[in-house]
Amino acid sequence: MKENDLVLKTVTRIVIFIILTFGFYLFLAGHNNPGGGFIAGLILSSAFILMFLAFDVAKVLEALPIDFRKLMIIGALVSLTTAIVPVFFGKNILYQADWYVQFPYFGEVHISTIMFFEAGITLSVVGVVVTTILSLSGGKS
């Protein structure tokens, strides 16, 4: 066992929530401000990589019901679908539609089809990065 194993595990439990919150914020801010699906995917995948470094890879994969290979395929299909669907309605590929929806406590929220495209990009990036890291480390992906 490493000397700093306890420190790494303790800090990881706290930092994971910060990383995930920041990644989620970048995802939501991305279609209006700097950020978006790609950088959010990189940030979110860094949280998974930190978990793999701090804890046993097999235990983390057992605790997370996520198949990262399927995640990248689902993300690619979501992005492809949101890019192509407007063509069937007589619009250009990657056409963007947006709405303003009123939510209690949050007020008016801007929702756009770009968010769905960015969600697909995020899922794809997380799937690819984590699968690559697991493959390189010899862990089961």
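This is a predicted model: local features need pLDDT of at least 70, side-chain atom pairs count only at pLDDT 80 or more; totals for chains, interfaces and linings use all residues.
I will start with L94, which sits in the loop between α4 and β1 (98-103). Residues are numbered from 1 along each chain as its sequence is written, and side-chain values use heavy atoms, with hydrogens and water left out.

Back to L94. Its phi is positive, about 65 degrees, although L94 is not a glycine. L94 counts as partly exposed, at 48% relative accessibility. The terms are these: buried is under 20% relative accessible area, exposed is over 50%, and partly exposed is in between, with a 1.4 Å probe and protein chains only. Another non-glycine residue with a positive phi is Y105, near 70 degrees. Y105 belongs to the loop between β1 and β2 (107-112), and with a relative accessible area of 88% it is exposed.

Now the overall layout. The protein has 5 helices and 2 strands, and from the N terminus on the order is α-α-α-α-β-β-α. Along the principal axes, the C-alpha atoms fill a box of roughly 60 × 35 × 25 Å. Of the 141 residues, 30% are buried. Contact means heavy atoms within 4.5 Å; among contacts with a separation of 6 or more, 60% are between residues 24 or more positions apart.

From the record: the unreviewed UniProt entry carries the annotation "transmembrane region" for residues 12-30, 36-58, 70-89 and 109-136. Those positions are in the numbering used here, the feature names are shortened, and annotations may be inferred rather than shown by experiment. In the model, residues 36-58 are 87% helix and 0% strand, with 30 Å between the end C-alpha atoms. Residues 70-89 are 75% helix and 0% strand, and their end C-alpha atoms lie 29 Å apart.

Next, E118. Is E118 buried or exposed? It is buried, with a relative accessible area of 16%, and it is found in helix α5 (residues 113-137). Leaving aside neighbours within four places in sequence, E118 is in contact with F27, G36, G37 and F38. A polar atom of the E118 side chain lies 2.3 Å from the backbone nitrogen of G37. E118 and G75 are 43 residues apart along the chain, and their C-alpha atoms are separated by 9.1 Å.

S45 lies in helix α2. Beyond its neighbours within four places in sequence, S45 is in contact with V126, V129 and V130.

Grid points are joined across faces, edges and corners, and a volume is the space filled by probe spheres set on the points.

The largest pocket holds about 180 Å³. Its lining consists of L20, F24, F27, L44, F48, I66, F68, L71, A119, T122, L123 and V126. Two or more of these residues come from each of α1 (5-29), α2 (37-54), α4 (68-84) and α5. Which element gives the most to this lining? It is α5, with 4 residues. By class, the pocket lining has 11 nonpolar, 1 polar and no charged residues. The nonpolar class is Ala, Val, Leu, Ile, Met, Phe, Trp, Tyr, Cys and Pro, the charged class is Asp, Glu, Lys and Arg, and the others, Gly among them, are polar.

There is 1 cavity of 30 Å³ or more, and the largest cavity has a volume of about 40 Å³. Its lining brings us back to L94, together with T82, A83, Y95, T113, I114 and F117. Helices α4 and α5 each supply at least two of the lining residues, and α5 gives the most, with 3. This lining divides into 5 nonpolar, 2 polar and no charged residues.

Conventions:
A polar contact is a pair of N or O atoms within 3.5 Å; within protein, one must be able to donate a hydrogen and the other to accept it, and residues adjacent in sequence count only if both atoms are side-chain atoms. On a 1 Å grid over the protein atoms alone, a cavity is a set of points where a 1.4 Å probe fits but cannot get out, and a pocket is an open set with protein on both sides within 12 Å along at least five of seven lines; lining residues have an atom within 4 Å of a point.
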